[in-house]
Amino acid sequence: MKIDRIEDPWGPATPVGPGEEWPARVDSFLAPGAEPERWVQTASVLHSNGDAYDVAVQDGKLVGVRGRAQDRVNRGRLGPKDLFGWQANHATDRLTRPLVRRDGDLQETTWEEAMGLIVERSHILLREQGPTAFGFYTTGQLFLEEYYTQAIVARAGIGTNHLDGNTRLCTSSAAEALKESFGCDGQPSSYDDIHHADVIALFGHNVAETQPVLWRRIKDRLEGPEPPKLVVVDPRLTVPARHAAVHVPLKVGTNLAFMNAVLHEVIVNGYVDQAYVQAHAVGFDELRERTADCTPEWAAKICGVDAALIRDAARVLGQADRLLCTVLQGFYQSHQATASSCQVNNLVIVRGMLGRPGCGVLQMNGQPTAENTRETGANGDLPGFRNWDNDEHVEDLARIWNVDSLKIASFAPPTHVMEMVRYMEEGVLPFFWVTGTNPLVSLPEAHRIRSVFESERVFLIVQDLFLTETAAVADVVLPGAGWGEKTGTFTNADRTVHYSGKAIAPPGEARSDLDIWLDYAARMDFRDADGAPLVKWHDAESAFEAFKQCVADRPCSYGDITYGNLRGGSGIQWGGARLYEDGRFFAHPDSCETWGRDLLTGALLEETEYRAMNPYGKAILKACEYVPPPERPDADYPLQLNTGRTAFHFHTRTKTAKAPQLQAAAPEVWAELSPADARDRGLVEGDHVEVRAPRGAIRAQLRISRIREGVVFVPFHYGWWDRADGTSRAANELTITSWDPVSKQPLVKAGVAQVVKVADGHGPSVAPTNTASAPVEPLGMATRGGDPALADSDLP
C-alpha cells in the first residue's frame, strides 16, 4: 500500500504480543520513473537505529531504497530519513574538488596542492611545537574503518591526545554512564528486549522522532495483546508521552532529583532484588543513604510535578517483572547528565533487571556510528575500551601498533572538544582538522565558536560533502565521499554491526575518508618501531580485520564477524543478544575502562580507590546529590531553554535539507511555548518572535504546543548556509558554555531565555503538526506543503 510517510512517519502497524517475533514489513521508495539495475546493501546513516536496507542504482546514480526484511533491527521498516535522505548524494552543491584559501577566498585546487599544504604545516608544527599542536574532531557518521585509521594516525602517528568526536554533543554521557556503572562501555541490552518487557521507560528519549522504526516496534507492542506499560519522562508532550501510562513532564535540569526520588521509593517500598545486589553490585549502602531524604515531596518542589505522579512512576518501575529503560538527550544534554543517567543504571541494577529477556537499559546513541567512535578510539578514548590511565592497557595497544608506548599520549585524560576550543582561543592549538561535522552550528555559544574558528591563528581543515558553515571559514576543504559512495561497516545503538557497500562513485574528485587518512599517513611517512609503515591496511576490509585484531581480547571483541557473513543477511551483534547474562561485568580492575570519577565534581578516582571499592569487578551503584542548574530563570530571562530535534532533520541539515520531502516537512526554525506562556506575552500561533538569551538571540515563528509552562523549545538543526543574508537562526546562539563534569558533554538544555513578539504572523507556524511540536489547537492545514511523500509498505 502507498502511504504518505511524512504525514505518517511510522507507517502501518503490525501488532505483536509478548515473546512473539516482530513481523516483516518492507518499506520502499523509488524516484519517479526509476528502473533499478541493481540493489546494494547498506544501513541508515541519518540516525542511530541501524535500519538496514538496499539502495537502488540506475545509470550510476542512487534512485531509491528498499528495507531488508531479514534484518534483526528493522525487519524491512524504514523511517522518513531512510526513505528520502539518500537524495542528498546527488545535490547540486556537493563538493567535488579540494579548496584552499588564497587572498581570503576559497578557491579550487588539486589534491596534490591541498594535501601538500596540510603535510607542510604538519611537519612545521611537529618540529616547532610537537604533537600537542594538533587537534582532530570527527563525526558520528563515518565508518568503523575510517575512525580506526584516524585514531592510529592521531594517536600513534602524530602522538596527540587532542582527539574527539561530535558524539561529545550527543552521547558521551551514555558512554560515561556505562563506564561508571559497569566499568566499561557497551550496551547491556537489545532491541529484542522490547518484545519481552512488561514495562518500558523512556528517560529523556523522544524515540518517535529520533528513531521512528524503534518507536514503531514499541507501538506494535502497545497495540498488541498484553501490552507493556509505558513510562515517559520528558517536559514535552511527545508522541510516546501521549501513549504513556505515566508521563512525568518535569522541569528541565531536574532529572537527578527525580531519579533520586524514584530510587528512594524503590528502596523504601522493598522493590530491591536484594539477592542480585548482594551477589553482583557494590555501593548499595551509600545509595540508600544518599537517597534516604529524597522523598517524592522533596523532588516535587524541585521538578515542578506532583509528588503523587513521582510515586506512580516509581510504583510502575518498581513492580515491573521485566523492566527495559532507555535514555537519550533529555538526560545527556541536561544538568548533571552522567549522574542522572547513572541513576537509570542504578534502577535496573537494584531491581535485578539485567542479562535476561525484556530487562535492562539502553543508553542510546544519537548518531549512526557513535558506537564505533568509542570502540575505535576516535572520540579520544583508547581503542577497544582500554583504560588510558592503565599502563598495561597502553602497553598492550603499543604492542599491537608496534610503537613505543610513550608515543601514545596518555599523560592526561583525552581532550574534549570544548577544551580544544579554549586551546585554540588561547593560541596553543594551531592545527585543527574537522571531519564530517559542522561545529559552527552544533557547538554551544555560537558567536564564540565563530570567533575562534575564524581566527588566523588556527589552521583549519574541513573534510565534508558540502560547503557547510564551518567549511566556509576553513583554510583547506577536502571533498569527502558519502555513504553509498564507499565501503565500510557501522555499529548501531544495540551493538548490531552492518555492512555498507559502495553503490556509486563519488562526484568529481571526492574521496572516501579512509583514502584521505591513508594518503595523509603515507605523505607524513608515519612508521612503526621496525621502520615499516604505521598504517598497514590499504582498504576497508583490511582495516576492519586490523581493528578486529586490536579488540580481540577486549569487551567489544568482534569475534568471528567478517565482511563475508555481514553481506547478504542480517546485521550481527557483537557480544550476543545481551551482555552480563552471567552477572559478570567488564569491571574488574585489571580490565575496566576507567577508574571512575566523582559524579558531582568530575574528579578522577585513583587506581587504588577503585581497587579498594570494587576488587571483584561487580556493577557499581554510584550515588550523587542533586544541585541546581548553573543558570536559572529570573525577571529578565524567565523561561528555561530546551533545544532538540525533529523527526525530519538530522544535525545541521547538511543532508536532510537536500531531500525535498524532508525539507518541506520542517522548512524553517520555530519556537514552542505553552498556551499560558504565549497568552502572558500576547502571542498567538504563527507570530514572529525573538528568542533572547544572555548570549544572543534568534528569530523564529511561534508554535503553541503542549510543552510544560516555563519552557521555550527551539530545534537545533538550523544554521545559515541556506540564508541569503547569512543571518543565523541556530539554537546555539542561545546556549551556554557549560558541560557535564564527568562526560564533558555540553549542556545545551541548561540555559534561560525570554520570548518577545517581533511581528504578527500571517498564518500558523511551519513547524510539523504530527510530532512533539503538534499545535494545541488543530490548524486546519496539512502537516507540510508540497507533493505527498508516498512510499510503499508491503506486509506479508
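A salt bridge is here a side-chain nitrogen of Lys or Arg within 4 Å of a carboxyl oxygen of Asp or Glu, and by this rule the count comes to 60 salt bridges. The structure is a predicted model, in which local features need pLDDT of at least 70 and side-chain atom pairs count only at pLDDT 80 or more, while totals for chains, interfaces and linings use all residues. Residues are numbered from 1 along each chain as its sequence is written, and side-chain values use heavy atoms, with hydrogens and water left out. The chain is divided into domain 1 (2–94), domain 2 (99–170 + 369–498 + 505–573), domain 3 (172–364 + 583–620) and domain 4 (639–792), with bounds that come from an automatic or database domain assignment.

**Interface of domain 1 and domain 2**

- The centres of domain 1 and domain 2, taken over C-alpha atoms, are separated by 29 Å, and 23 residues of domain 1 are in contact (heavy atoms within 4.5 Å) with 22 residues of domain 2.
- Between domain 1 and domain 2 an area of about 1,800 Å² is buried, 50% of it given by carbon and sulfur atoms; buried area is the accessible area (1.4 Å probe) that two parts lose on being put together, summed over both.
- Of the area that domain 1 buries against domain 2, Val45, Arg72 and Arg94 supply 38%, more than any other three residues.
- Two salt bridges are counted between domain 1 and domain 2, and the side chains of Arg94 and Glu485 meet in a salt bridge at 2.9 Å, N to O.
- The rule finds 19 residue pairs in polar contact across this interface, both residues at pLDDT 80 or more; a polar contact is a pair of N or O atoms within 3.5 Å, where within protein one must be able to donate a hydrogen and the other to accept it, and residues adjacent in sequence count only if both atoms are side-chain atoms.
- On the side of domain 1 that touches domain 2, β3 (38–43) and β4 (52–58) each supply at least two residues; helices (H or I, at least four residues) and strands (E, at least two) are DSSP runs, numbered from the N terminus.

**The sheet β19-β20-β21**

- Three strands form an open sheet in the order β19-β20-β21, with antiparallel pairing, where two strands pair if DSSP finds at least two bridges between them.
- Because β19 (488–491) and β21 (572–573) stand at the edges, each with a single partner strand, one side of each is left without a neighbour in the sheet.
- Strand β20 (residues 496–500) is joined to β21 by two bridges and runs antiparallel to it, and Val497 has Ile572 of β21 as its bridge partner.

**Strand pairing with β28**

- β23 and β28 run antiparallel and are joined by three bridges, with Gln640 opposite Val752 in β28.
- Strand β25 (residues 688–693) pairs with β28 in the antiparallel sense over five bridges, and here Arg692 stands opposite Gln754.

- The side chains of Lys658 and Asp93 meet in a salt bridge at 3.1 Å, N to O.
- Lys658 lies in the loop between β23 (639–644) and α24 (660–665) and Asp93 in the loop between α1 (80–84) and β6 (99–102), so the pair ties together parts that are 565 residues apart in sequence.
- Ser728 has its place in the loop between β27 (711–715) and β28 (751–759), and its side chain reaches the backbone nitrogen of Ala730 at 3.0 Å.
- The side chain of Ser728 also makes a polar contact with the side chain of Glu733 at 2.7 Å.
- Not counting residues up to four places away in sequence, Ser728 touches Arg450, Ile698, Gly719, Trp720 and Glu733.
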